[in-house]
Amino acid sequence: MLVLGIESSCDETGLALYDTQQGLRAHALYSQVKMHEEYGGVVPELASRDHIRRAIPLLEQVFAESGARREDIDAIAYTQGPGLAGALLVGSSIACGLGLALDKPVLGVHHLEGHLLSPLLASDPPAFPFIALLVSGGHTQLMRVDGVGRYTMLGETLDDAAGEAFDKSAKLLGLGYPGGPAISRLAEFGDPDAYKLPRPMLHSKNLDFSFSGLKTAVLTVVKNHGDANLCEQDKANIARGFVDAIVDVLTAKCMNALKETGLKRLVIAGGVGANRQLRESLNAAAAKRRYKVYYPELEFCTDNGAMIAFAGAMRLQIDPTAAKKDYAFNVRPRWPLDSLAAP
Ligand code: ATP
Ligand code: MG
Ligand code: FE
């Protein structure tokens, strides 16, 4: 089965062709970060317009690279939500227009299910069940995953997402947008003993998170210095204090989730899963307890079309009727992951 995947929930346009026999045949991505950079965040209207500009050339690119013809596809999977309404409408209308023109069925995919299943695209995929830590720009959730569509929420952030905390703290240090990778690089040069920042909810008896206080702690340190007086080494020290705090909390909660459920496999998904310090910390903690940690390929941590094509294909393999020749699309900007039904 050959599935075309279309992702357009935020500021990345992603197209991909996933074949259930041959694996990923082609994928193409355009990131709008440069365009949004000067505003310090994603501007929804600009995002929608740029998806319109980018999607068709990327579509042509994946067909050219894979050698597949339009009529070879069996279904089209598109991100139906959650995300920016206008941005989602671009991907869904392209999917439905193409479906109608080619007489192929379409399937709306949950963006976070795409992230969650993306580690299964790697060469040594985990078996179900596993614990998943979803750490992206908009979400921080711990899930128990028993199969496709069988998700139980164990805990989530009460305020900011981990990626959001990375980006906001990076902004306070003048590192641009999105600052996650930059603050992580800077932290490498920081003194771990210079600033001990709070580890919110580290000892709470549940699996929830809270990161807005950590961002405020960064703000307080920056203010106490006086913005103009921050030298590169100060910035690196603050970055280090921030990264160590967030990584400690994420690692501890993952270990608690594994212990509480008795599961042995941990899957990390979403953009913050690309973070080097987080990977080192999780690997060390898991090795000590004989757990195994699985990550997506680096390029599939952040938004991409491959994970959408793949999630669509996984559902269609279980239930081929999940894709329909019903082109009246309906995006879902807000859509809780644990409300999904198993195929
Ligand atoms: P969602 O999927 O929740 O709607 P999103 O799609 O915007 O959000 P992703 O694309 O999964 O989120 O991830 C983007 C986030 O990952 C950004 O906040 C970015 O700063 C962060 N990020 C990416 N690479 C790194 C890194 N190496 N270290 C820390 N954070 C990172
Ligand atoms: Mg993005
Ligand atoms: Fe995402």
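**Notes on the predicted model**

1. I begin with a backbone detail. M201 sits in the loop between α6 and α7 (212-225). Phi of M201 is near 60 degrees, which is a positive value in a residue other than glycine. Most residues other than glycine have a negative phi, and most peptide bonds are trans. Please keep in mind throughout that this is a predicted model.

2. One joins G81 and P82, with omega about -10 degrees. P82 belongs to the loop between β4 (75-81) and α3 (85-102). Another runs from Y177 to P178, where omega is near -15 degrees. P178 is in the loop between α5 and α6.

3. Next, the division of the chain. The domain assignment gives domain 1, made of 2-117 + 302-339, and domain 2, made of 125-295. Their C-alpha centres lie 28 Å apart. To the contact between them, domain 1 gives 14 residues and domain 2 gives 18 residues. On the side of domain 1 that touches domain 2, α1 (33-37), α4 and α10 (306-318) supply at least two residues each. The residues of that side divide into six nonpolar, five polar and three charged.

4. Which strands make up the sheet that includes β1? It is an open sheet of five strands in the order β3-β2-β1-β4-β5, and the pairing is mixed. β3 (23-31) and β5 (106-110) are at the edges with a single partner strand each, so one side of each has no neighbour in the sheet. On average, neighbouring strands of this sheet are turned by 20 degrees against each other, direction ignored. Strands β1 (residues 2-7) and β2 (residues 12-19) run antiparallel and are joined by six bridges. Opposite E7 stands G14 in β2.

5. Helix α2 (residues 44-66) lies across β2 and β3 and runs at about 25 degrees to β2. α10 lies across β1, β2, β3, β4 and β5, at about 135 degrees to β1. α10 also supplies at least two residues of the side of domain 1 that touches domain 2.

6. There is also an open sheet of five strands with the order β8-β7-β6-β9-β10, again with mixed pairing. Its edges are β8 (150-156) and β10 (292-294); each has a single partner strand, so one side of each is left without a neighbour in the sheet. From one strand to the next, the twist averages 25 degrees. β7 (residues 140-147) pairs with β8 in the antiparallel sense, over six bridges. Within that strand β8, E156 is the bridge partner of Q141.

7. Helices lie across this sheet as well. Helix α8 (residues 232-261) lies across β6 (130-135), β7, β8 and β9 (265-269), and its direction is about 155 degrees to β6. Helix α9 (residues 276-289) lies across β9 and β10, running at about 150 degrees to β10.

8. Finally, the database record. In an unreviewed entry, UniProt places the feature "domain: Gcp-like" at residues 25-310. Over residues 25-310 the chain is 47% helix and 17% strand, and the end C-alpha atoms are 11 Å apart. For "binding site", also from an unreviewed entry, UniProt lists H111, H115 and D303. These residues are spread over 193 residues of sequence, yet they cluster in space, with a largest C-alpha distance of 8.7 Å.

Definitions and conventions. Residues are numbered from 1 along each chain as its sequence is written. Chains are lettered from A and ligands numbered from 1 in the order in which they are written. This is a predicted model: local features need pLDDT of at least 70, side-chain atom pairs count only at pLDDT 80 or more; totals for chains, interfaces and linings use all residues. UniProt positions are given in the numbering used here, feature names are shortened, and annotations may be inferred rather than shown by experiment. Helices (H or I, at least four residues) and strands (E, at least two) are DSSP runs, numbered from the N terminus. Two strands pair if DSSP finds at least two bridges between them. Axes are lines fitted to C-alpha atoms, for helices over the stretch in contact, and angles run from 0 to 180 degrees between N-to-C directions. Two residues are in contact if their C-beta atoms, placed from the backbone, lie within 7 Å. Domain bounds come from an automatic or database domain assignment. Ala, Val, Leu, Ile, Met, Phe, Trp, Tyr, Cys and Pro count as nonpolar, Asp, Glu, Lys and Arg as charged, and the others, Gly among them, as polar.
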